[in-house]
Amino acid sequence: MPLKVGDIISFERTFTIRDVELFTEISGDEGVHHRTPDEQGRLVIQGLLTATLPTKVGGDHNVLARNMNFEFLRPVYTGDTIICEVKIEKYEAQANNRTAIIASFLCENQNEKEVLKGDFSGVIL
């Protein structure tokens, strides 16, 4: 079923220490705050690891992104559950058998605090 303007797609994920370790290995983002637990035993999640939530939703719908904008609002920690809502702002057929898409997103933690917001645009393959 194709998307339409106004659709909201949600995705939820709880981040683990293993997620941070794997992302550190792949990205090389080895900041001390990603390797040293805080007083509660949590690690700070890399911002771009948090950003995989809206990109996962895009991937589920075969979006080839052209632009992505992220505003990181507060830290995300291991053990946090992040809920990401992606809202379709534009969904329009193009002459080349592709569909242009623009979407905004908002990610909140389990305490309903905003942690990440932004938008992306691209085409549906």
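A contact means heavy atoms within 4.5 Å. Among contacts in the protein chain between residues at least 6 apart in sequence, those joining residues at least 24 apart make up 65%. The model is predicted: local features need pLDDT of at least 70, side-chain atom pairs count only at pLDDT 80 or more, and totals for chains, interfaces and linings use all residues. Residues are numbered from 1 along each chain as its sequence is written, and side-chain values use heavy atoms, with hydrogens and water left out.

The protein chain holds four helices and five strands. Helices (H or I, at least four residues) and strands (E, at least two) are DSSP runs, numbered from the N terminus. Along the sequence the pattern is β-α-α-α-α-β-β-β-β. The C-alpha atoms fill a box of roughly 55 × 30 × 20 Å, taken along the principal axes.

The five strands form an open sheet in the order β1-β3-β4-β5-β2, with antiparallel pairing. Two strands pair if DSSP finds at least two bridges between them. The edge strands, β1 (8-14) and β2 (63-72), each pair on one side only. From one strand to the next, the twist averages 20 degrees. Strand β2 pairs with β5 (residues 114-124) in the antiparallel sense, over nine bridges. Within this strand pair, Asn-67 has Ser-121 in β5 as its bridge partner.

Helix α4 (residues 52-60) lies across β1, β2, β3 (81-93), β4 (99-108) and β5. The helix runs at about 130 degrees to β1. Axes are lines fitted to C-alpha atoms, for helices over the stretch in contact, and angles run from 0 to 180 degrees between N-to-C directions.

Of the 125 residues in the protein chain, 36% are buried. Buried means under 20% relative accessible area, exposed over 50%, and partly exposed in between (1.4 Å probe, protein chains only). The protein chain exposes about 7,400 Å², and carbon and sulfur atoms supply 49% of it. Accessible areas come from the Shrake-Rupley method with a 1.4 Å probe; for residues, only the protein chains shown count as cover.

Backbone geometry draws attention to two loops. Most residues other than glycine have a negative phi. Asn-62, in the loop between α4 and β2, has a positive phi of about 60 degrees although it is not a glycine. Asn-62 counts as partly exposed because its relative accessibility is 47%. Asn-97 lies in the loop between β3 and β4. Asn-97 has a positive phi of about 65 degrees, although it is not a glycine. At 75% relative accessibility, Asn-97 counts as exposed.
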